[in-house]
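Welcome to this structure! Here are a few notes to read alongside it, going from the whole chain down to single residues.

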Amino acid sequence: MVIRILTGKEVAGSVRYNERKVAEGEAERIQIVNYPDPNVAEKYGQFRLQLLEQQARLNPAVTKPSLHLAIAFHPTELITNDRMRQIGSEVMTRAGYGQQPYLMYRHNDTRHPH
């Protein structure tokens, strides 16, 4: 397992990238975490993005409010979505972001599931 950490100035870029991959069939959204209404978040993409952007504006001193963690697994690992969710949640908790709203995606566009 390899974890790559990317940060950015804008939350929308990461969300748009991942949602585009979902629309193209190269990824799937596997978890919506710490949203007030996960069902609404599942149905409405704009709601998913707006909540993350509102959260990012809470502390104007943070210059790179976007955090994108890419957890890649070896191609021979047969990792289920449940196991990927479990590992992702543990990484977020240990990194101190477990209580923040976040989205989790599974990408299948490379040899390495991530």
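1. Helices (H or I, at least four residues) and strands (E, at least two) are DSSP runs, numbered from the N terminus. With that in hand, the order of elements along the sequence is β-α-β-α-α-β-α-β, which comes to four helices and four strands.

2. A word on where the values come from. This is a predicted model, in which local features need pLDDT of at least 70 and side-chain atom pairs count only at pLDDT 80 or more, while totals for chains, interfaces and linings use all residues. Residues are numbered from 1 along each chain as its sequence is written, and side-chain values use heavy atoms, with hydrogens and water left out.

3. Now the overall form. The C-alpha trace spans about 40 × 30 × 20 Å along its principal axes. Of the 114 residues, 36% count as buried, meaning under 20% relative accessible area, with exposed over 50% and partly exposed in between (1.4 Å probe, protein chains only). Among contacts (heavy atoms within 4.5 Å) with a separation of 6 or more, 72% join residues 24 or more positions apart.

4. How do the axes of α1 and α3 cross? Helix α1 (residues 11–23) and helix α3 (residues 45–56) have axes that come within 9 Å and cross at roughly 155° (lines fitted to C-alpha atoms over the stretch in contact, with angles from 0 to 180 degrees between N-to-C directions). The two helices are therefore roughly antiparallel, a label for angles over 145 degrees.

5. Which residues meet there? From α1 come Val 11, Ala 12, Val 15 and Glu 19, and from α3 come Arg 48, Leu 49, Leu 52, Glu 53 and Ala 56. By class, this contact has six nonpolar, no polar and three charged residues (Ala, Val, Leu, Ile, Met, Phe, Trp, Tyr, Cys and Pro count as nonpolar, Asp, Glu, Lys and Arg as charged, and the others, Gly among them, as polar).

6. Also in α3 is Gln 50, which counts as partly exposed because its relative accessibility is 37%. Its C-alpha atom is 9.5 Å from that of Val 11, 39 residues away along the chain.

7. Finally, please look at Asn 34, in the loop between β2 (27–33) and α2 (38–43). Asn 34 has a positive phi of about 60° although it is not a glycine. Most residues other than glycine have a negative phi.

Definitions and conventions
Angles under 35 degrees count as roughly parallel, over 145 as roughly antiparallel, 65 to 115 as roughly perpendicular and the rest as oblique.
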